[in-house]
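Let's take a walk through this protein together, from its core and sheet out to a few single residues. Here is the structure to keep at hand as you read.

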Amino acid sequence: MDKIKLERIKLGSQGLEVSRLGLGCMGMSEFYGQSDDAENMRVFQAALDGGVTFFDTADMYGPFVNEELVGKALRPVRDQVVIATKFGNRRGPNGERLGISGRPEYVRQACDDSLRRLGVDHIDLYYQHRVDPGTPIEETVGAMKELVQAGKVRYLGLSEASPETIRRAHAVHPISALQTEYSLWSRDPEAEILPTLRELGIGFVPYSPLGRGFLTGQIKSVNDLAPDDFRRHNPRFQGENFDKNMRMVDAVNELATQKGCTPSQLALAWLLAQGTRLDGHGIAPIPGTKRVKYLQDNLGAVDVTLHPAELERLDSIFPVGAATGERYPDMSSINR
């Protein structure tokens, strides 16, 4: 890892700076099968050694325990890192789903709870995880603005919000970052989201930048996934959808071999190249992993340069809408 040291980039127009690649921490606590706490801590250390300063969690991951894990891992280097967390997807202590909330009183309580679990006195980037259709975005962001004024939060973000919602939120308080799924097989943000971010000076944080692991070339069958892996219920991983999507991944594997890099590095390099769409406001993907070897592989993407002809070839393999199947079994909370 000595040769890789990630540069820092500006994310949005309000002064936030993060490493060019971040680390998504969700899978360390839930959704992707079992994990090992000792290996998780090694992943954090490898990320720090490689120059990662941007770490992403949420109160609903675990639920709740992922924030505790992130806080424990980063406590010795707190002043050197950017911690992003989210509220809005309410869950009970046994993991039960309790709906989406953007009510001001809930925003304030969720922030205090996250601060306690993380063991910090402020959150660097605080996202609304999903937009609450029952609460005007102006009320939610108004409460988030109060958290900034109180010193509990530094920068504000949204996740999976529509262009209209982004504009309304940004009018209440500057939004520094939008987090939405974006990858070679999830290119929907290019039509309206990215132009809106560029216009307003908002940075972009793509989650699932490796297609939930599909683009790594490591998944050959749904049987490769753990029994409790949530991807087993994802439409893109099921039946004929899986087979059709796999043919596109085969093409990525072929190009990666020709390029002398891994499929993961190729997919991330393509995503980093999309930063030109944001006119300098920054794109910082947050690939998640719970294995040091995959973390190191992902960081190697910054050394992969894709030439125009290679980008055009990838665009032809993965045009907008090329992936078969929806991103989630229930898309009702997306792009609100």
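Predicted model: local features only at pLDDT ≥ 70, side-chain atom pairs only at ≥ 80, totals over all residues.

Two residues are in contact when they have heavy atoms within 4.5 Å of each other.

**The nonpolar cores**

Which residues does leucine 23 touch? Leaving aside residues up to four places away in sequence, its contacts are Met28, Val43, Phe44, Ala47, Val52, Phe54, Phe55, Asp56, Ile286, Pro287, Thr289 and Leu295. Leu23 is also one of the residues with the most contacts inside the largest nonpolar core, alongside Phe44, Phe55, Leu74, Ile166 and Leu197. That core has 87 residues, and helix H7 supplies its largest share, with eight. Another core lies apart from it, made up of 17 residues that include Val82, Leu125, Ile286 and Ile334.

**The sheet**

Next comes the open sheet, where seven strands follow the order S3-S4-S5-S8-S9-S10-S11 with parallel pairing. S3 and S11 are the edge strands, each pairing on one side only. In the sheet, S5 (residues 82-87) and S8 (residues 123-128) pair in the parallel sense. S8 also runs parallel to S9, a strand at residues 153-159 that is mostly covered, with six of its seven residues buried. The table sets these two pairings side by side.

| Strand pair | Bridges | Residues that stand opposite each other |
|---|---|---|
| S5 and S8 | four bridges | lysine 86 and tyrosine 127 |
| S8 and S9 | five bridges | isoleucine 123 and valine 153 |

H7 (239-259) has 21 residues and reaches 31 Å from its first C-alpha to its last, close to the 30 Å expected at 1.5 Å a residue. Its buried residues are Phe242, Asn245, Met246, Met248, Val249, Ala251, Val252, Asn253, Leu255 and Ala256. Here a general point about helices is handy: an α-helix has 3.6 residues a turn, so residues three or four places apart point the same way. Among the elements covering the buried residues of H7 are helix H8 (263-273) and helix H10 (308-317). After H7 comes glycine 260, which has a positive phi near 80°.

Helix H9 (residues 292-299) buries Val292, Leu295, Asp297, Asn298 and Leu299. Their cover includes strand S3 (23-24), helix H1 (37-49) and H8.

**Serine 208**

Where does serine 208 sit? Serine 208 is in the loop that links strand S11 (203-207) to H7. Is serine 208 buried or exposed? Buried means under 20% relative accessible area, so serine 208, at 13%, counts as buried. The side chain of serine 208 makes a polar contact of 3.3 Å with the side chain of arginine 212. Not counting residues up to four places away in sequence, serine 208 touches Glu181, Tyr182 and Ser183.

**The cysteines**

How many disulfides does the structure hold? The number is zero. Cysteine 111 is buried, as its relative accessible area is 0%. Cysteine 261 counts as buried too, at 13% relative accessibility.

Definitions and conventions: Residues numbered from 1 in each chain as written. Heavy atoms only, no water. Helix = DSSP H or I, 4+ residues; strand = E, 2+ residues; numbered from the N terminus. Buried < 20%, exposed > 50% of the residue type's maximum accessible area, 1.4 Å probe, protein only. Polar contact = N/O pair within 3.5 Å; in protein donor to acceptor, adjacent residues only side chain to side chain. Expected span 1.5 Å × (residues − 1). Disulfide = S-S within 2.5 Å. Core = buried A, V, L, I, M, F, W, Y, C linked by side-chain atoms within 4.5 Å. Pairing = 2+ DSSP bridges.
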